[in-house]
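Here's a quick briefing for anyone opening this model for the first time. Take a look at the picture, then read on.

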Amino acid sequence: MHPRSKFFEANATQALRQPSLQAALKQLEQGFVAGRAACYEALPEFEALRDRAEEVLNHTLENLDAYLLEYEARVIETGGQVHWASTADEARRIVVDICNQAGAGNVIRGKSMIGEEVGINDALEKAGFEVTETDLGEYILQLAEEPPSHIVAPAIHKTKDEISDLFHSRHRELGYHERLTERSALVAEARQVLREKFQQADVGITGANFLIAETGSNVIVTNEGNGDLSSTLPRVQIVTAAIDKVVPTLEDASLLLRLLGRSATGQEITAYTTFTTGPRRQTDADGPAEYHVVILDNHRSEMLAGELRPMLRCIRCGACMNHCPVYGRVGGHAYGWIYPGPMGSVLTPVMLGLDEAGHLPNACSLNGRCATVCPVKIPLPQLLRTLRGRQHRRRLNSRTARMGLSIWAWIALRPRLYQSITRLAMSIMALLGRRQGRFRRMPLAGGWTRVRDLPAPQGSTFQAQWRQRRQQ
Amino acid sequence: MTDRGTSAEKPRVGLFVTCLVDLYRPSVGFAAIKLLKQAGCEVDVPQLQTCCGQPAYNSGDDEHTRALALQVLQAFEDYDYVVAPSGSCLGMIRCHYPDLFAQHELLARFQALSAKSHELISFLVDVLGIDQIKASYTGQVTYHDSCSGLRELGISAQPRQLLAGVDGLSLTELEGREVCCGFGGTFCVKYPEISGRMAADKVAAAAATGADTLLAGDMGCLLNLAGKMRREGVDTRVYHIAEVLADMADAESIGEGKA
Ligand code: SF4
């Protein structure tokens with residue numbers, strides 16, 4: 001996907017004026033947010049689980065090299081292959097090579113953010129493969145030729161009406177002529193179309209919610225079962241994952257699973273939770289003949305070494321964006337890349353650079369709600385501030401903003417000067433605004449008065465009044 | 001509960017006025033002083049104070065932030081308590097100053113400052129043990145929680161407890177209490193369209209309660225919400241909670257003109 005994070009402001013303005021998107025976003029907040037709240041209420045040990053998860057993941061990250069090697073050894077023992085990719089480019093090449101060697105024609109994909117991160121579909125299509133998304137949301141987006149707008153519910157921005165139109169126009173060539181309007185009928189039609197794709201597929205590519213070091217297994221959770229079909233039906237299975245997906249034990253995975261569904265969709269557990277380990281054994285009824293795991297770095301080891309390390313605890317539940325007032329107003333596409341909301345505002349600048357994604361760490365009121373719901377206690381506002389610090393030190397923020405800040409700080413560090421300037425300024429403003437009590441426009445405060453009035457000050461400053469009273 | 005008797009035992013409080021109260025709403029500073037004195041404190045307002053440094057901190061400018069933090073430390077470290085009518089500035093002093101000096105020889109002094117610094121309302125309730133303040137205000141009120149107060153300092157029950165004791169006042173909660181009003185310091189001027197939508201939603205939630213008055217404990221939120229209400233022609237009165245508790249909510253409300 002070609003990033004559009006640079007245009008965050010314009011993207012956001014457009015999103016704010018799109019009534020269908022606004023309606024869709026309201027639903028999200030009510031559905032997922034209320035669902036998580038109910039789960040939280042129902043599970044007294046929720047906070048204890050968050051603490052434990054933070055601990056387990058910190059320990060894992062502390063020993064990440066060892067756990068990754070342990071995982072690799074187990075995968076090889078079970079007959080699978082592990083491929084290491086340090087960049088997105090390498091990951092694409094590895095996947096295309098595997099498909100070529102398999103002599104594949106048709107490739108199916110289960111939903112995976114790593115697939116989006118490296119742009120697997122584009123690479124495969126360019127190499128001549130037919131790729132089909134099997135997650136309903138991703139399938140809709142594939143037909144619509146749009147990127148996902150949410151990491152858990154990728155097509156959350158689409159209304160049912162839009163989906164009806166989309167299926168009606170795109171499924172016609174497959175012999176479906178009726179424009180369906182019922183939710184269940186739309187799902188049934190998609191299932192029918194996809195069923196055929198499953199049967200024709202040579203290669204299935206899925207993501208991984210966790211990789212388990214002690215067993216060499218990977219875990220995926222879905223509500224549609226498409227992940228299981230994608231990983232069992234085709235002859236070759238490819239798992240794409242990143243280095244931060246590994247956890248030491250099955251026990252650890254089950255701890256995180258208890259948090260994942262509850263935080264993501266308000267489900268105690270998702271409809272399908274599947275553990276796969278290696279290729280089909282002689283005694284197995286089904287499964288792939290070849291089992292590959294592609295493990296991606298893509299700037300994660302940089303994060304591991306620095307202040308942004310806590311971000312690697314992320315289990316991609318989406319709770320931070322569901323509870324984010326900015327995401328809730330502008331939706332995922334405004335962020336311009338595949339990771340939106342608070343977690344995306346940390347990840348995107350790391351992966352694409354601050355030049356491309358410099359808006360994202362700033363487009364946040366630092367209200368902190370994301371951090372209070374994050375199941376692995378990532379201090380997201382603090383990480384966004386860390387990125388702002390990098391921007392400041394590298395002089396990437398606007399010259400006017402920097403200059404304004406410096407002048408203000410210079411004066412604020414000289415209290416007597418500050419107090420005489422502010423006393424004068426406030427007295428004048430108070431006089432001018434006396435009658436109305438507010439200003440509709442104010443020089444140098446255009447950002448404020450564009451959308452709201454500026455209340456007039458009461459009179460002179462507190463400090464000036466206080467001094468006067470004391471002298472009397 | 002602290003003894004409110006003899007002057008020798010009066011806790012000495014340094015009032016951190018906060019820059020927005022200093023500039024826009026001095027009456028909140030006077031209300032805070034009144035409340036603290038009523039509660040038996042000796043109150044002083046150090047003159048060498050300006051701002052806690054949050055605008056610099058949230059812009060990633062740690063150097064200026066540290067300089068401003070040092071200014072606060074020097075002005076306030078000799079008091080028994082530091083109190084401010086703001087959850088946001090207090091969150092800065094309590095939570096973020098120690099982080100900024102984590103690797104620094106001044107850390108212990110900033111930790112000590114952090115430990116004795118309190119937001120006004122939670123200071124009255126949690127530290128001084130006050131459960132009721134005599135005041136009256138005729139009106140139907142709704143209360144907006146500031147994000148820093150709510151999440152950094154856990155201020156939620158305290159203002160409600162004190163408001164419940166005010167004569168003539170009835171409180172209706174607004175929907176989405178834990179959602180940000182869109183102020184966010186520099187955020188509100190950098191991303192006005194988004195901030196404006198957030199403020200509009202909060203104004204609508206407040207209006208839906210039928211309240212004639214909106215209260216909060218942070219001037220940032222109050223200026224934002226009053227400004228949005230005035231722009232939309234909503235005539236809800238907007239005050240800082242300290243003004244109501246100190247029986248000083250008879251002046252023009254925030255953003256209201258003098259007739
Ligand atoms: S940052 Fe936390 S809340 Fe957000 S997606 Fe990751 S785990 Fe979930």
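How much area is buried between chain A and chain B? The answer is about 6,100 Å², with carbon and sulfur atoms giving 58% of it; buried area here is the accessible area (1.4 Å probe) that two parts lose on being put together, summed over both.

Keep in mind that this is a predicted model, where local features need pLDDT of at least 70, side-chain atom pairs count only at pLDDT 80 or more, and totals for chains, interfaces and linings use all residues. Residues are numbered from 1 along each chain as its sequence is written, chains are lettered from A and ligands numbered from 1 in the order in which they are written, and side-chain values use heavy atoms, leaving out hydrogens and water.

**Where the chains meet**
- On each side, 68 residues take part: 68 of chain A are in contact with 68 of chain B (contact means heavy atoms within 4.5 Å).
- In chain A, the residues losing the most area to chain B are A:Arg452, A:Gln458 and A:Phe462, together 13% of what that side buries.

**Chain A**
- Its C-alpha trace spans about 95 × 55 × 45 Å along the principal axes.
- Of the 472 residues in chain A, 57% are buried, meaning under 20% relative accessible area (1.4 Å probe, protein chains only).
- The domain assignment, automatic or from a database, gives domain 1 (1-35 + 324-397), domain 2 (43-300) and domain 3 (413-471).
- Domain 1 and domain 3 of chain A have C-alpha centres 33 Å apart.
- Among contacts in chain A between residues at least 6 apart in sequence, 73% join residues at least 24 apart.

**Around the ligand**
- The ligand is surrounded by 15 residues, and the closest are A:Cys314, A:Cys317, A:Gly318, A:Cys320 and A:Cys374 (a residue is near if one of its heavy atoms lies within 4 Å).

**Chain B**
- Chain B splits into domain 1 (7-126) and domain 2 (132-245), and their C-alpha centres lie 22 Å apart.
- Between these two domains of chain B, 27 residues of domain 1 are in contact with 23 residues of domain 2.
- Together the two domains of chain B bury about 1,900 Å² between them, 70% of it on carbon and sulfur atoms.
- B:Ala204 and B:Glu175 sit 29 residues apart in sequence and 9.5 Å apart in space, C-alpha to C-alpha.

How values were computed. Buried means under 20% relative accessible area, exposed over 50%, partly exposed in between (1.4 Å probe, protein chains only).
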